[in-house]
Amino acid sequence: MRVIGAARDDPATRVDALVAAIGPKVGPPVICRRDVVLVTGPWLAGVSSVVAALRQRAPQHDFVEAPQLAPGDAPTAVVFVVSAAAPLTESDCALLDAAAEHTDAVIGVASKVDVHRGWREVLAADRATLAAHAPRYAEVPWVGAAAAPQLGQPRMDDLVAALLSQLADPDIARRNRLRAWESRLQTVAQRFRRDAEGAGRKARVDALREERSAALRQRRQSRTEHVIALRGQVQQARVHLSYFARNHCSSMRVELQEDIAALPRRKIPEFEQHARGRVAAVLAEVGEAVHRRLADVAQALSMPIGLPAGETLPTVAIPAPPLKSRRLETRLTVVLGAGFGVGVALTLSRLLAGLALRLNPWLNPWLTGAGIIACVALGLALTLWVVHTRALLSDRAVLDRWTGDVMSALRSVLDELVAGRVLAAESLLNTALSARDEAEHARVAHQVSVIDAELREHTIAAARAAAVRDRELPAIQVALDAVRKELGEPGMPTVGARSAEPAATAPPAQRQQQQQQRQM
């Protein structure tokens, strides 16, 4: 029974019972309270000199520096040493917060007062800065000290007296435990609020929404770009191939006309086969060019469509040239040639007869007869030459007109070939584009579904965190207010945006429990 009574009289046990009576679902502070005094402060503040002086002036107590404390250790008191050369900064206040997180007994020391004449003004500024930083530091005692003076004697009496007074306080254990509970409750409350607010979760949600919008936007843009690229490539191929076919037709027409202009009579029957061979060569060349260009278009669009290389070429309906149905023209040519030959023969015969009469009248009959025979032969030859030449020119004209008809038919067939193959390739490319768009749509839909699932998970997690906060935070806030009231700090503001909620917002069971505690 004495052991139980001693346990009930323990300050830490009473504080734990006070918090447990309020009912927050928070475990006790996990710390190891050591019976040591922590001396800490900023760099070059003279901490080591103060520690050495305190060990000499108060050997009954243990004094340590920050590196000598293990994680989770809490000192009984904290001596915070700052230089009297300059006022405190925010980083100095943060250092004190870390050192006195679980300790209520704190003493502020302005060191090196022997070389800084305005140390009192600096000490007053330090007191005001620390009180403004946190209300718990408003009652912290501040003293001036010179542990290893450069001028005069050491000045440690005020510090030793203040420290021994703090350590002799019988309520120090309870206040230290209350301060540890305050830190614990504040940490848990901040964790609940942080989980509910979810700054990291919000950043992730914003990133996911941006990723989702970017994926959908890129999907729409890529589809439009693919359609425009396909249409542009097909139109360019159609224009290029049409120009290529017409240019070949024009070049072939010029070549055949040159061949016709130099065509002899004996090679007229061979010209038809030559023209048909040239037409077949142009058809094959244009067909190969169409295949290559459409393959290049498919490769440029990254859509291999497998165009058949040995596709059947169309045929050009070429009639035979009308070279044999010209009897009337031949008769007319013979009559005209004969008239021209007779006229030439008569003219030459008269010329030869007159020349023979002048030269030798005795030989006139013989020369006249020979001249007539020669003129008749010459007239006959001229008649045959005229008939042959006229027939050759007529055949060349017929072949030239026939070549024009052949070129017209070839151009029509080539236009049909280009248009048909380009249309077929466009249909295959559209089919391939549709298949690729479907695959891309499925990929983007899967990506969006994954993002939506993660967004739903974040929404559920945020709702759960908010529910946990709303359920647990009122009891924690009531316990925190009770701890601060025990510390004599009823007017301290609560931490976070929701910490200003009154205790009346607690559940009815908690309010009833608080009323029972006040009545006791």
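1. Helix 3 packing. The buried residues of helix 3 pack against strand 2 (37-40), strand 3, strand 5 and helix 6. Contact here means heavy atoms within 4.5 Å. Helix 3 covers residues 47-57, and its buried residues are V47, V50, V51, A53 and L54. Buried stands for under 20% relative accessible area, exposed for over 50%, and partly exposed for in between (1.4 Å probe, protein chains only). Helices (H or I, at least four residues) and strands (E, at least two) are DSSP runs, numbered from the N terminus.

2. Basis of the model. This is a predicted model: local features need pLDDT of at least 70, side-chain atom pairs count only at pLDDT 80 or more, and totals for chains, interfaces and linings use all residues. Residues are numbered from 1 along each chain as its sequence is written, and side-chain values use heavy atoms, with hydrogens and water left out.

3. The chain overall. The protein chain has twelve helices and seven strands. Of its 520 residues, 37% count as buried. Contacts with a separation of 6 or more were also examined: residues 24 or more positions apart account for 85% of them. The chain exposes about 29,700 Å², and carbon and sulfur atoms supply 58% of that area. Accessible areas come from the Shrake-Rupley method with a 1.4 Å probe; for residues, only the protein chains shown count as cover.

4. Helix 6. This helix spans residues 157-167. Its residues L159, V160, A162, L163 and L167 are buried. They lie on the same side of helix 6, because they cover an arc of only 165 degrees around the axis. The arc is that of the directions from the helix axis to the C-beta atoms.

5. Five strands form an open sheet in the order 3-2-5-6-7, with parallel pairing. Strand 3 (63-64) and strand 7 stand at the edges, each with a single partner strand, so one side of each is left without a neighbour in the sheet. Two strands pair if DSSP finds at least two bridges between them.

6. Strand 6 and its partners. Strand 5 (residues 77-83) pairs with strand 6 in the parallel sense over seven bridges. V78 has V106 as its bridge partner in strand 6, and A77 stands opposite A105. Strand 6 also pairs with strand 7 (residues 142-144), again in the parallel sense, over three bridges. There, A110 has G144 as its bridge partner in strand 7.

7. Is strand 6 covered or exposed? Strand 6 (residues 105-111) is mostly covered, with seven of its seven residues buried. A105, I107, V109 and S111 point one way, while V106, G108 and A110 point the other way.

8. Crossovers. Strand 5, helix 4 (residues 90-99) and strand 6 make a right-handed β-α-β unit. Strand 6, helix 5 (residues 119-133) and strand 7 make a right-handed β-α-β unit too. A crossover is right-handed if, with the strands pointing away from the viewer, the path from the first strand over the helix to the second runs clockwise.

9. D92. This residue lies in helix 4. D92 is buried, with a relative accessible area of 12%. Not counting residues up to four places away in sequence, D92 touches P42 and F80. The C-alpha atoms of D92 and P42 are separated by 6.3 Å, although the two are 50 residues apart along the chain.

10. The cores. The largest nonpolar core has 40 residues; F271, V279, V286, L410, L414 and L429 touch the most other members. Helix 8, helix 9 (268-300) and helix 11 (364-486) are the elements that give two or more residues to this core. Helix 11 gives the most, with 14 residues. Leaving aside its neighbours within four places in sequence, L414 is in contact with A245, C249, V282, L283 and V286. A second, separate core of 25 residues includes A45, L54, F63 and L167. A nonpolar core is a set of buried Ala, Val, Leu, Ile, Met, Phe, Trp, Tyr and Cys residues joined through side-chain atoms within 4.5 Å.

11. Q218. This residue sits in helix 8 (residues 199-261). Q218 counts as exposed because its relative accessibility is 54%.
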